[in-house]
Amino acid sequence: MSHSKKASIFNKDIERTTWHDETLWFVRQKRDKMAYVIPEFQQLRDLASQIKEHTLSQLDEYLLEFERNALKNGVHVHWAADAKEHNEIVLKILKKHKAKKIVKSKSMLTEECHLNPFLQQHAIKVVDTDLGERIIQLRDEAPSHIVLPAIHLKKEDVGETFHQHLNTPKGEKDPQRLTEAARQHLREKFVQADAALTGVNFAIAETGSVVVCTNEGNADLGVNLAKVHIACMGFEKIIPRFNDLSVFTRLLARSATGQPITTYTSHFTKPRPGAEMHVVIVDNGRTQQLGREDFYNSLKCIRCGACMNTCPVYRRSGGHSYNFTVPGPIGSILSPNLDLKKHSSLPFASTLCGSCTEVCPVKIDIHVQLYKWRQQIGESNALPMSKKLSMKVMSKVLASSKLFSFSGKMGRTMIKWLPYSMTHNKSVNPWAKARELPEVPEHSFREWYKQNK
Ligand code: SF4
């Protein structure tokens, strides 16, 4: 199903759409307030973009430097070419330790690789420990946002889910009491876990350590209780030096949720005595994206979600309408790299207003890349037939002055004389579903200009 079709389903619940839109706009405003209390915010964005640019240009060296240093620290390093290999590596580690229960903090990479269903097929129970992630896991849904995975749900929805799965009283919707119920439920899972899996926000080549940012401390609790820690990262998470980290930590939480810093910024450098630590470095299409001149810098993304919070299309269509692990503007650039045909509607899910580019902390030219994907999708014949035909007709009309004038005249006459039921027919003119057509002028601008010069 295309993005627009899925979005129209989301839009049927007007109250939820409005609330979703307003909530994310509130987060965007928090981001603005927190960003501009530091006068050097724009310089930080420049610097972050330059550090990432440099890193991407020497990725091979930095990844190997990271591996060398991690090995020195006693960490096991694994390389996975794709999602399948990533999942198999994780499974092999878990099997070696006879792990049957694992706790997992937020990791978009494991979502991308569909690790949870894979492990469950092998009789390994995975519990997501980030509160938002646990809510959607209980509901058997995918995250709808990379930072706020359950943002499409209201507290009443969470109350009902917890009532069904955690036995909270029917109708309970007090956020504090619901959080406390989740806390009690998760404590037990932490204590029972045989292994802890985490994502990685940054991997530092110079020290061989990984940095994980959370607001709930769930990554720390999991790692410090279990005997095995597996950290999974896409290879673009690498940064060269320890000193570079402060640039990104100052930008990440400000851009994501409007906080000065995440509550926990945890550094994992070596295994605890008696424990084991693994890092799995994944490609899964990233090398291909790195080789695309127009799109390689999308790999600078630090997954803050700011482009989603500001995007007028994302806010009104909901994350699930993108049908991709990373929704919103950045997901619409990343997804065609993996499957152009399947995700061909996503680069069109944008007004190209450029607001995403304006807020991106690493200065990815998101709206420019969306426009470039549209061109490539058009050239590669991945557009639906209806769009292809209408674009062909439009290009003929716009290329000929005579045809343009004629079609203008025809349009003005037809709108005037055709019955409302035809001009507002939903299948002929979906644009008019929620709009009135403008009043038709007597003359075109050209005719007026000729007379009035
Ligand atoms: S593209 Fe930029 S704004 Fe969007 S999630 Fe990535 S870093 Fe954040």
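Start at the ligand and select its shell: 15 residues surround the ligand, and the closest are C301, C304, C307, I330 and C360. A residue makes the list if its C-beta atom, placed from the backbone, lies within 6 Å of the molecule. Colour the shell by type and you get 12 nonpolar, 2 polar and 1 charged. Here Ala, Val, Leu, Ile, Met, Phe, Trp, Tyr, Cys and Pro count as nonpolar, Asp, Glu, Lys and Arg as charged, and the others, Gly among them, as polar.

A word on what you're looking at: this is a predicted model, where local features need pLDDT of at least 70 and side-chain atom pairs count only at pLDDT 80 or more, while totals for chains, interfaces and linings use all residues. Residues are numbered from 1 along each chain as its sequence is written.

Next, colour the domains, whose bounds come from an automatic or database assignment: domain 1 is 38–284 and domain 2 is 400–452.

Now for the largest nonpolar core, a set of 100 residues in which I102, A195 and M233 touch the most other members. Core members are buried Ala, Val, Leu, Ile, Met, Phe, Trp, Tyr and Cys residues joined through C-beta atoms within 7 Å, and buried means 20 or more other C-beta atoms within 10 Å of a residue's own. Zoom in on I102: its contacts (C-beta atoms within 7 Å), leaving out residues up to four places away in sequence, include L94, I124, V126 and A195.

Conventions: Buried ≥ 20, exposed ≤ 12 C-beta atoms within 10 Å, placed from the backbone. Contact = placed C-beta atoms within 7 Å.
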